[in-house]
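My notes are below the structure.

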Amino acid sequence: MENWIIYILNGLYFASFLFLTSLGLSIILGVMGILNLAHGSLFAIGAFMAAWIVGAFGAKAPITIFVIALLAALGVSGLMGLLLETSIIRPMYQRALEYQLLITFGALLLIEDLIKMTWGGTAYYASKPFDIMGNLVIGNNQYPLYFLFVILITIMAGIGVWFIMSKTRIGIMLRAISMDREMARAMGIRIRKLNTLAFGMGAALAGLAGALIVPTTPALLGIGMEPLIMAFIVVVLGGLGSLKGALVGALIVGETRSIGIVFFPEIELPLLFLIAVIILVSKPQGLFGR
Amino acid sequence: MLNVKNLIKDFGKVRIINSTDFEVQEDEIVSLVGPNGAGKTTLVNLVSGHILPTSGKIEFFDRDITFASPYRRIKMGIARNFQITNLFENNTVLDNVRTCLFSIYAKIKNGFLPAGRYRTITREAVNILDVFGIADKQDLFPPSLSEGDKKILDTAMAFALKSKFLLLDEPTSGVATGDKFKVMDTIISAIKRENLACMIIEHDMDIVSDYSDRVLVLSEGEIIADGIPNEIMEQDNVKEILFGVRT
Amino acid sequence: MGLKDTFLIPRFLIYVGIFIFLLFMPKLLPTYQLMLMESGITFAIMGLGFNLLLRYTGLLSFGHGALFATGAYAVGMMGEYFPDLYRIEIVIPISLAASLIVSAIFGFICVRHTRIFFSILALALSMVLFALLVKLYNITGGSDGIHIDLPMMFGKSFEGMKRFEFLSGAYYYFLIGIFAACTIIMLVIVSSPFGKALQSIRDNEERAEMIGIRVRRYRWYAFVLSGLYTGLGGALWSFVNGHVSPEIAEWVFSGEIVYMTLLGGFMVFEGPIIGAILFTYLKLYAVSITQYWMFIIGATLIVLVLLLPEGITGGFVKLFAKLKRGEATGAV
């Protein structure tokens, strides 16, 4: 029984990253119709930024510094997102799918090397916050408190995004755009600005997810690749552009992964894809797709 | 030939087609008229298999096709055009028609000979374009055609499917008024030559009375009149619905 | 005879010219350059298949790396587990069979969707294969991959021969023979009734259905054909490279396939061929001058998309049309 509590909590922990990453991807896809292949690189920027700050300044008060690092990562990735949108993504809205995908693919290659130029090719470790927080004892098992911390931050971020999307003017306009772009334009919504904003927001979420992962995994080149692929699966499962979809998709993938790792460690990833494929074949628009 | 019995179509709670019965005989040209929103295009969609009815029965040559796929209906000989032209825009005019012929002659799977080598089919495609008067435009792409020519091409494609029954949804909408009769002449003479049956949705009453053997008047999903054009036009309820004349 | 058919004749003459030129290539290029060229030609075969989907069917696959890997790994595993059958005339058909099976499965799932969902799904499926190649290391050699030995070719053994000698000898002529056959077959396919059906599906799915084309099934056929070309490219590439590893199944390589095709220009039949060969040289050049080669490739890609979206051949067609002031409809 206690083991199962651990599996489920681990699943929630995986789901947290998936949710943050895929939420950003899903907002960008929903509002702009662009699949951002460089999303994983924004995740990586967040990871490097946070790991670097914790490593350089975190000797005295690691938790405080880590929180600062989280905000810094969020900010840097968000800024990078704004920069990307205004420079190369903006001319792509009217272009064909292949160009939209390729330009973000180009951005991915570019950013990967920018990270290498800025932080070098070495790994950055930032396990201090993880070590300091210690463990929670559940029966005979220990569960890291840091995992709960991640789950908590994710819930806060999720509520924040939900609040923005459903209670503020900006959020309502963003949803209007994602439902019907032309109609939104006709209603006088300033699509340009909102696109930039949405892209920045999505990027910031990816950066936050990246920052949250470094206390458990060193920041390495290519760290954003796997989260990107997982986020694709979540988005495909949950359906385009819905918060609920991202949440449920993340939970399914996270829990499957957590349980899969225990029972089928060799084929945990293919198993996940299999489930995704079964859902897609039976429900092509995803669970909550429009 | 075509036999529609007690056809009903609901969209959600709204009944678009309400227990409709009608027949179309071989080599008969029938017009379907009615005010906007009467359900004319829905009726065409039901017959062509684009959408499926809520209940009722559609028979074609005594075979039940109520729920048959569009693909099967095409193979049985029901073809249609589209109200908003629906062409293959990056294929030449010739290829637009030729692909229909390949499809109907079951040559469409063949991948090991260039299309031009199928000389008989290519010749037939050019002939069809010739019948419809656009053979000189065979190497152009649809976007460079006039609205009228696009409409004609759209109809020619339905015609090329060797159908026994053509559904034409407003074949002259979007065509300049002066050209309407020319377009209709072209289409009708091609249909007559092949002795096809045809159901036309049309708004222009002059066209209706000039070209059709019989008229069906559809109003709020029901057929309220069925008969020879000139007689139908004199009925009071038809006048009221079509021309807003109260007597 | 339509406009497009008349185009076939001068095009055919140019092909013959290029083929004769290719025959003399081993005399003209240093061995190393020749090997690059061969690598480019295998990518070109793949590019032809990829473009059948993109240009002629309107489906953008971001997972073709997996199909390429299928062909390449089939070769590797034949060498590893069936050394007696390791003859090129057996290995290549086996590779094709493997590609047929994998692309039939992938295609069956992917063609239920179009546009961006198709791309994501192809990408996700390719990552399944990637994960399997890495995880099932007992069979696949894991992330180290498999070494590719020189095969027997039509009864002739090349044991003890250096790879470059093999590649600049018999194998080169074998490769360009297959390449020529692939190009001509694909040219026929895209102008055949089947090719026309694909193009009508691309243009207007709804109408294609209404003239009696089974849209989903034809997309599937196109996917499988494309997979066969891609797998064949992978198989032929494995001999040139001498080694297969899971990177070719990863989606980044799939992205490079898209890149090659757009570099050459996907609106022109020959575009992907030119793109594949150019990309091979471009990448090698970037890698040789800096450790930040991804930066160069990425920047080139962005500039290309922004300034020359029709690719190199598309740019030429446009320029040519401008000079001639004729219609810009020359592309098949």
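**Ground rules.** I am working on a predicted model, where local features need pLDDT of at least 70, side-chain atom pairs count only at pLDDT 80 or more, and totals for chains, interfaces and linings use all residues. Residues are numbered from 1 along each chain as its sequence is written, while chains are lettered from A and ligands numbered from 1 in the order in which they are written.

**Chains.** Which chains share the most contacts? Of the two pairs of chains in contact, it is B and C. I found no contact between chain A and chain B. Their closest C-alpha atoms are 15 Å apart.

**Core.** A nonpolar core here is a set of buried Ala, Val, Leu, Ile, Met, Phe, Trp, Tyr and Cys residues joined through C-beta atoms within 7 Å. Buried means 20 or more other C-beta atoms within 10 Å of the residue's own; exposed means 12 or fewer, and partly exposed is in between. The largest nonpolar core has 275 residues. A47(A), A50(A), L208(A), I233(A) and L121(C) touch the most other members. I followed up L121(C). Leaving out residues up to four places away in sequence, L121(C) touches V236(A) and L280(A), plus I109(C), C110(C) and H113(C).

**Helix pair in chain B.** Helices (H or I, at least four residues) and strands (E, at least two) are DSSP runs, numbered from the N terminus. I checked helix 5 (residues 147–160) of chain B against helix 6 (residues 177–193) of chain B: their axes come within 11 Å and cross at roughly 15°. Helix 5 of chain B is therefore roughly parallel to helix 6 of chain B (angles under 35 degrees count as roughly parallel, over 145 as roughly antiparallel, 65 to 115 as roughly perpendicular, the rest as oblique). Axes are lines fitted to C-alpha atoms, for helices over the stretch in contact, with angles from 0 to 180 degrees between N-to-C directions.

Which residues meet? From helix 5 of chain B I listed G148(B), K151(B), I152(B), T155(B) and F159(B). From helix 6 of chain B come D179(B), V183(B), T186(B), I187(B) and A190(B).

**Loop.** A176(B) lies in the loop between strand 7 (165–169) and helix 6 of chain B. Buried or exposed? A176(B) counts as exposed, because it has 12 C-beta neighbours inside 10 Å. I also looked up H203(B), 27 residues from A176(B) along the chain. Their C-alpha atoms are separated by 14 Å.

Conventions
Two residues are in contact if their C-beta atoms, placed from the backbone, lie within 7 Å.
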